[in-house]
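Dear colleague,

I am handing over a structure that you have not worked with before, and I would be grateful if you could look through it with the notes below at your side.

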Amino acid sequence: MAKIAVVPGSFDPVTNGHLDIIKRAARVFEEVYVVVMNNSAKNSLFSVEERVGLIEEVTAMIPNVKVDSSSGLLIDYAKSIGASAIVRGLRAVSDFEYEMQITSMNRVLDESIETFFIMTNNQYSFLSSSIVKEVAKYDGAISELVPKPVEEALAKKFKV
C-alpha cells in the first residue's frame, strides 16, 4: 500500500515556501496530493483552476506529486484518495496554535489519518501569499519569493 499524503492550502498564489514544503513531503511520501482547498469565504485573487494550473506547472518536475482541488472537508478528501497523512508547513508559533486546532478536529473526524508538520526553511519564515500579493500589487520585487510562472501570473493580474 502506497504511503499517500495530502498537502492542503489555498495557494493564492503558491510561493517558494509552499514549494519547499511540497518538495520535502515528496521525499518522504510515495504520493503527494497538493490540494487547493476552495474556501468560498475567502476573496481569492486567482480562481481555483488558475491555482491548480500554476501548481501543476511549478511541480511538473516532481514525479510523485499530483495536484487537485476540493471544496469539502479536508479529512473527507484525504479518505477519498486513501491518504494516511496530512502535511502542513509551520512558519512560527502562531501557525502552530491554529494548526493544532485543525489537527485536533481532523483527529475527531478520523483518527486514522495523521498530521505531520514540516518547519519552513528559515528563508521563508516570513513569507505568505498575502504578503506576496501586496508586494506584487505595488510592483515590488518578488522573484525570490515565488516561482517564475507565478511572478508572471501576478504581473498579469496587476497589469504591471
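In these notes, buried means under 20% relative accessible area, exposed means over 50%, and partly exposed is in between, with a 1.4 Å probe and protein chains only. The model is a predicted one, in which local features need pLDDT of at least 70 and side-chain atom pairs count only at pLDDT 80 or more, whereas totals for chains, interfaces and linings use all residues. Residues are numbered from 1 along each chain as its sequence is written, and side-chain values use heavy atoms, with hydrogens and water left out.

Let me begin with the aromatic rings. Two aromatic pairs are present, where rings of Phe, Tyr and Trp (its six-membered ring) pair if their centres lie within 6.5 Å, and planes under 30 degrees apart count as stacked, over 60 as edge-to-face and the rest as tilted. Phe-29 and Phe-116 make an edge-to-face pair, at 5.8 Å centre to centre and with 65° between the planes. Because Phe-29 lies in the loop between α1 and β2 (31–37) and Phe-116 in strand β5 (residues 114–119), this pair ties together parts that are 87 residues apart in sequence; helices (H or I, at least four residues) and strands (E, at least two) are DSSP runs, numbered from the N terminus. Phe-29 is buried, at 12% relative accessibility, while Phe-116 is partly exposed at 41%.

Phe-96 and Phe-117 form an edge-to-face pair with 6.1 Å centre to centre and 65° between the planes, and this pair links helix α4, which holds Phe-96, to strand β5, which holds Phe-117, 21 residues apart. Phe-96 counts as partly exposed at 38% relative accessibility, and Phe-117 counts as partly exposed at 30%.

The strands around this pair come next. Arg-88 stands opposite Phe-117 in β5, and β4 and β5 run parallel, joined by six bridges, where two strands pair if DSSP finds at least two bridges between them. β4 also pairs with β1 in the parallel sense over two bridges, with Ile-86 of β4 as the bridge partner of Val-6. Five of the six residues of β4 are buried.

I would be glad to hear what you make of it.

With best wishes
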